[in-house]
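Hello,

Here is the structure I promised to pass on. My notes follow below it, grouped by region.

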Amino acid sequence: MSHFTPSFAAHFAPVRVRFGAGVRRQVSEEIARLGCKRALVLSTPPQADQAMEMAQDIGDLAVGVFTRATMHTPVSVTEEAVAHALSVRADCLVSVGGGSTTGLGKAIALRTDLPQIVVPTTYAGSEATNILGQTENGIKTTLTDPRVQPEVILYDAELVRSLPASLTVTSALNAMAHAAEGLYARDRNPVSTLLAIEGLEAFAESLEKVVASPGDLEARGRTLYGAWLCGTVLGQVGMALHHKLCHTLGGSFDLPHAETHAVMLPHTIAFNARAAARELEPVSRIFGNAHPGQGLFDFARKLGGPLALRDLGLKEADLDKAAEIATAKPYWNPQEVTKKDIAKLLGAAWRGDPPAF
Ligand code: NAD
């Protein structure tokens with residue numbers, strides 16, 4: 001069935017994307033292609049070895065390594081990294097890692113306009129968007145800016161082999177959330193819908209394989225393909241209830257990013273299916289259940305994904321406050337959002353019950 005609609009707007013950023021096992025070794029070629037000569041390599045502390053290996057591989061084109069990227073992109077770390085980039089006269093950035101490292105690269109680019117080459121090692125999808133979330137004084141704010149959009153992405157299946165099974169599943173569900181919410185986005189277009197469906201299919205086809213066999217490079221490559229497509233959807237269209245709720249849970253209760261997305265997705269999709277059943281039909285088809293939320297719940301359970309917010313550290317006493325914060329400011333969502341419904345939804349997600357709607 002065609003996804004054509006008579007009237008729509010779409011925007012595609014000029015991004016160069018390469019796929020392939022071992023493609024991370026082509027970074028020098030990409031630096032030269034950008035007309036650059038002095039790359040600063042970025043990573044989180046646990047991925048410092050990968051950053052060092054990358055700098056060695058780049059050789060003379062690398063002028064420094066900064067390994068202090070942190071979840072939620074604290075402005076204080078960005079300021080240190082910008083000072084470092086200026087001190088070594090970097091003319092481009094190479095981010096090796098997940099959303100935290102990509103976030104730091106984007107935050108530096110916002111302040112310096114340096115071009116970015118991203119080599120993702122999770123499925124978060126940040127590399128495919130012009131969105132940046134930053135934290136200052138405990139408050140996370142999000143902006144969109146063309147300077148933040150990475151210029152080059154190199155997806156290397158060999159780099160996601162080391163993702164532990166639990167992070168593989170939660171990171172994939174985090175990516176799938178972008179596609180699932182993209183299906184009913186108010187500003188969706190026929191191409192964003194195509195990308196969302198293909199992205200969900202890529203994960204449905206490959207995730208079980210990589211959990212059973214983490215070194216399966218063909219299946220790992222397919223998961224990265226899903227990550228790219230789902231991330232591109234996130235960069236194209238506006239998100240709704242699911243992302244707002246996860247933002248509240250992460251920002252106000254310090255819950256972990258990918259795990260929170262993984263637990264919440266079946267519940268938010270089940271809730272929104274009441275108003276967007278037709279748009280969510282691809283989710284029902286791909287995950288083999290007439291109820292798209294239940295299909296996602298069964299998929300996550302089969303893969304050993306987390307199912308309960310209480311297991312992520314949220315206290316039962318905080319549920320009411322979470323429902324209050326999540327409904328304090330109105331935003332567009334296909335299904336009307338009330339505090340009573342969100343409290344019910346959060347209660348089911350907290351206990352790890354199947355979706356209540
Ligand atoms: P992350 O980058 O913090 O990675 C999670 C942990 O896994 C880290 O300790 C990291 O070092 C480790 N890790 C990463 N890759 C690994 C690998 N291949 N093998 C072993 N360990 C590995 O987390 P994430 O989930 O990728 O990203 C989350 C962050 O990204 C959040 O801050 C979120 O807000 C942001 N994000 C932003 C966007 C956007 O468009 N702006 C989109 C998605 C996520």
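Which residues are buried in H9? They are Leu 241, His 242, His 243, Leu 245, Cys 246, Thr 248, Leu 249, Gly 250 and Phe 253. Please keep in mind throughout that this is a predicted model.

**Helix H9**

H9 covers residues 241-253, which is 13 residues. From its first C-alpha to its last it reaches 17 Å. At 1.5 Å a residue, 18 Å would be expected, so the span is close to that value.

Just after H9 comes Asp 254. This residue sits in the loop between H9 and H10. Its phi is positive, about 60 degrees, although Asp 254 is not a glycine. Is Asp 254 buried or exposed? It is exposed, because its relative accessible area is 65% and the cut-off for exposed is over 50%.

**Two of the packing partners**

H6 contains His 178. With a relative accessible area of 4%, His 178 is buried. The side chain of His 178 reaches the backbone oxygen of Ala 124 at 2.9 Å. Leaving aside residues up to four places away in sequence, His 178 touches Ala 124, Cys 230, Gly 231, Val 233, Leu 234, Met 239 and His 243. One of these, His 243, is also among the buried residues of H9.

H13 holds Glu 324. Its relative accessibility is 43%, so Glu 324 counts as partly exposed. Glu 324 and Ala 343 are 19 residues apart along the chain. Their C-alpha atoms are separated by 8.4 Å.

**The ligand**

How many residues surround the ligand? There are 22, and the closest are Gly 99, Ser 100, Thr 121, Thr 122 and Thr 129. By type, the shell divides into eight nonpolar, twelve polar and two charged residues. Helix H4 (residues 99-112) gives the largest share of the shell, with three residues.

- Thr 122: an N or O atom in its side chain is 2.6 Å from an oxygen atom of the ligand.
- Gln 47: an N or O atom in its side chain is 3.1 Å from an oxygen atom of the ligand.
- His 72: a backbone N or O atom lies 3.3 Å from an oxygen atom of the ligand.

How much of the ligand does the protein bury? Taken alone, the ligand exposes 870 Å², and the protein buries 84% of that.

**Thr 73**

One more backbone point. Thr 73 has a positive phi of about 45 degrees, although it is not a glycine. Where is the place of Thr 73? It is in the loop between strand S3 (62-66) and helix H3 (75-87). Thr 73 is buried, because its relative accessible area is 7% and buried means under 20%. Asp 254, by contrast, is exposed.

Best wishes

Terms used: Residues numbered from 1 in each chain as written. Predicted model: local features only at pLDDT ≥ 70, side-chain atom pairs only at ≥ 80, totals over all residues. Heavy atoms only, no water. Helix = DSSP H or I, 4+ residues; strand = E, 2+ residues; numbered from the N terminus. Buried < 20%, exposed > 50% of the residue type's maximum accessible area, 1.4 Å probe, protein only. Near = heavy atom within 4 Å. Polar contact = N/O pair within 3.5 Å; in protein donor to acceptor, adjacent residues only side chain to side chain. Areas by Shrake-Rupley, 256 points an atom, 1.4 Å probe, with all protein chains shown as cover. Nonpolar A, V, L, I, M, F, W, Y, C, P; charged D, E, K, R; others polar. Contact = heavy atoms within 4.5 Å.
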